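Okay, thanks for coming, everyone.

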Amino acid sequence: MKKDIILAGVGGQGIISIAAIIGYAALGQDMYLKQSEVHGMSQRGGDVMSNLRISHQEIASDLIPFGQADMILSIEPLESLRYLPYLSGEGWVITNTKPFNNIPNYPDLEKIMAEIEKVPHHIAIDADAIAKEAGSSKAANIVILGAASPFLGMAYEKIEDAIRFTFRKKGDKVIELNLNALKAGRDFANNHM
Amino acid sequence: MQKLLLLGDEAIAQGALDAGISGIYAYPGTPSTEITEFVQSSKFAHDNHIHSSWSTNEKTAMESALGMSYAGKRTMVCMKHVGLNVAADPFINSAITGANGGIMVVSADDPSMHSSQNEQDSRFYGKIALVPILEPGHQQEAYDMVHYGFDFSEKYKVPVLMRITTRLAHSRSGVTRTAAIRKQNELKMPSDLRQFVLLPNLAKKRYKNLLKDHTAFISESDVSPFNKYIDGADKSKGIIVCGIAYNYLMENYADRHVPHPVLKIGQYPLPRTLIEKMADECTEILVIEDGYPIVEELLKGYLGRGLKVRGRLDGTLPRDGELNPNLVAVALGKPDTYGLPVPELVVGRPPSLCSGCPHIDSYYALSETLSNLSYGRVFSDIGCYTLGALKPYEAINSCVDMGASITMAKGAADAGLVPAVAVIGDSTFTHSGMTGLLDAVNDKSPITVMILDNGTTAMTGGQDSQAFGKIEDICKGLGVEESHIRILKPLKKYHDENVAIMKEELAYQGVSVIIPRRECIVAIDKRIRDKFRNK
């Protein structure tokens, strides 16, 4: 099993947390992992992306080759389109539909959605709204992770464990909230595949 | 032993702790910052009194490390590639003095300039200094090389340079702590107390000694565990691949078996015997290296006659920018892969100053102050405030190197551009701005220096600023008149007041310093969260 995932978003949206959770779940299953992230300038409200590779075989490159990613996981709709050159023919785009508008020339959301619709395999989800229902809009990234979970090739319980581990210092309430967000995202994906 | 999930930077730091360092010295700089931060947050480092607080700049860091080495202890110095320019004087001379306790210098290059102003290759510095260079290809190797590097440094009494790139620094992978954890060295003076006295007569002897050792370094490279010759049946091509580029090569062979001979380079100077073997066996050599074509140029020679060498210089690979698996595929004559094109509507999302950032108020006030003068008088520097060059501010007209704002403003004023303004951050000011301010004071240059004091080294993630609480005293000490040191609160509600002060100081025909002081908004947020967490 090998999964190459592009994580996309805007600085501060929590893509590094998603990477950490998937990473912890992968290591717990004796899988290899490489995750390359962008720091520095891009943190200041710019676009950020991370290459996440998990595999049962040893991984060579820290970067996913163009045209070979299994998934683009995006916490922001415009950002999900920026990395399409990485997506393989069978790959999935799983994206939040809630825009993060911090630029004067942000494109028309309907046009963005139309472009997302053109991708053969995609799931578009209002993660902010679902996260809010689950208890906190801050968990939008976890909703996206939940929506991606059926495609990750790992047991759902392992991802739950990784969430418990990641938020262990934040108390049971925060863990519960994030587990709910994860499940809500997963349910949405299962109903919209 | 259980695998740790570590950034390349963190693997180096863990390696240094396990190799028994007594101190790490650094100035923050992407992508090297996390090495020192890892040591700063390590309980082991704290319990064992390992020095890890930030230095004022890379030069002071390098010199402090040299002092620690003089005293017999192991030490690491970390910086981004352009930081090595700042530390170049002590770095190159440290090869002549040599080490007592082991020294490793880590320089993190940034091909593709993800967050830098150039993509210079630190391997050139290793070459100038004639020191061995280690270049890890993955996180485990980075960890392992630190132990090896300290052994090498103490064996030959020479500083060892480790060159990494952004991709390795900021990529995470499983690392096993294989090596036995070593104790710190005891305090031990150099056996020759004139070793570190570089008077010409003594330096000449030390230099001859270094040249002799350099021959040994080449032999060491030939047998290094980090330089591997992997044979292949198809000798129509041999591949020399350096550091992290090895991963991109292997990505192109699903079974991880390359049909051509491959020489993986992880240690310099280049292994002469291994390279000769490849040149004898193969019709042509493809060199794959991230950064400058330094190995390629060396093999090709100036005229490029004789040995057929391909790489970045003949267009087989691009001349600039970071490598990736696709570029290497094309260089190998394999098919390229590409997903869907980026839809036309996708626009750039450049980084910007945070909402509520004090620099925004400073820039709006400055731009209004200068609005009745010709545009292009503001020299700036390296930090978050460099983003003031972008829309909607367009408030600054230069960004070159740490501290250049003050000295460029001075030079422009010398040329007749009056008034000229320098805009520099608090941490950058103490890094390299103070000496330039002294020049300006001594010349009574008609410049206005704005020291944007947000109380932290913000751009690299909010490290302690060495300038904290000291700026006015430094300026006074350097001779700026007290009446021309003005402190502002950069807030919208004081806008008119701030513009008035700026106008006054701009009119002054001497050095004036304006200090807009308000804490970084991200730092406040972090401080409050930490406080809440500790309750």
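**Where the chains meet, and what lies inside**

Look for Ser36(A), which sits opposite Ser171(B) in S7(B). Keep in mind that this is a predicted model.

Now the whole contact: 42 residues of chain A are in contact with 38 residues of chain B. On the chain A side, the elements giving two or more residues include helix H1 (15-27), strand S2 (32-36) and helix H3 (109-118). Which one gives the largest share? That's S2(A), with five residues. By class, that side of chain A has 20 nonpolar, 14 polar and eight charged residues.

Over to chain B and helix H10 (residues 200-223). Its 24 residues should span 34 Å at 1.5 Å a residue, and the end C-alpha atoms are 35 Å apart, so the two agree. Buried in H10(B) are Arg206(B), Leu210(B), Phe217(B) and Ser221(B). What do the buried residues pack against? Helix H6 (88-97) and strand S11 (267-268) of chain B.

Last, the cores. The largest nonpolar core has 98 residues, and among those touching the most other members are Ala26(B), Val77(B) and Ile288(B). Its largest share, eight residues, comes from helix H8 (residues 139-156) of chain B. Both domain 1 (4-223) and domain 2 (228-331) of chain B put at least three residues each into this core. There's also a second, separate core of 66 residues, including Trp92(A) and Val143(A).

Technical notes
Residues are numbered from 1 along each chain as its sequence is written. Chains are lettered from A and ligands numbered from 1 in the order in which they are written. This is a predicted model: local features need pLDDT of at least 70, side-chain atom pairs count only at pLDDT 80 or more; totals for chains, interfaces and linings use all residues. Two residues are in contact if their C-beta atoms, placed from the backbone, lie within 7 Å. Helices (H or I, at least four residues) and strands (E, at least two) are DSSP runs, numbered from the N terminus. Ala, Val, Leu, Ile, Met, Phe, Trp, Tyr, Cys and Pro count as nonpolar, Asp, Glu, Lys and Arg as charged, and the others, Gly among them, as polar. Two strands pair if DSSP finds at least two bridges between them. The expected span of a helix is 1.5 Å times one less than its number of residues. A residue is buried if 20 or more other C-beta atoms lie within 10 Å of its own, exposed if 12 or fewer, and partly exposed in between; C-beta atoms are placed from the backbone. A nonpolar core is a set of buried Ala, Val, Leu, Ile, Met, Phe, Trp, Tyr and Cys residues joined through C-beta atoms within 7 Å. Domain bounds come from an automatic or database domain assignment.
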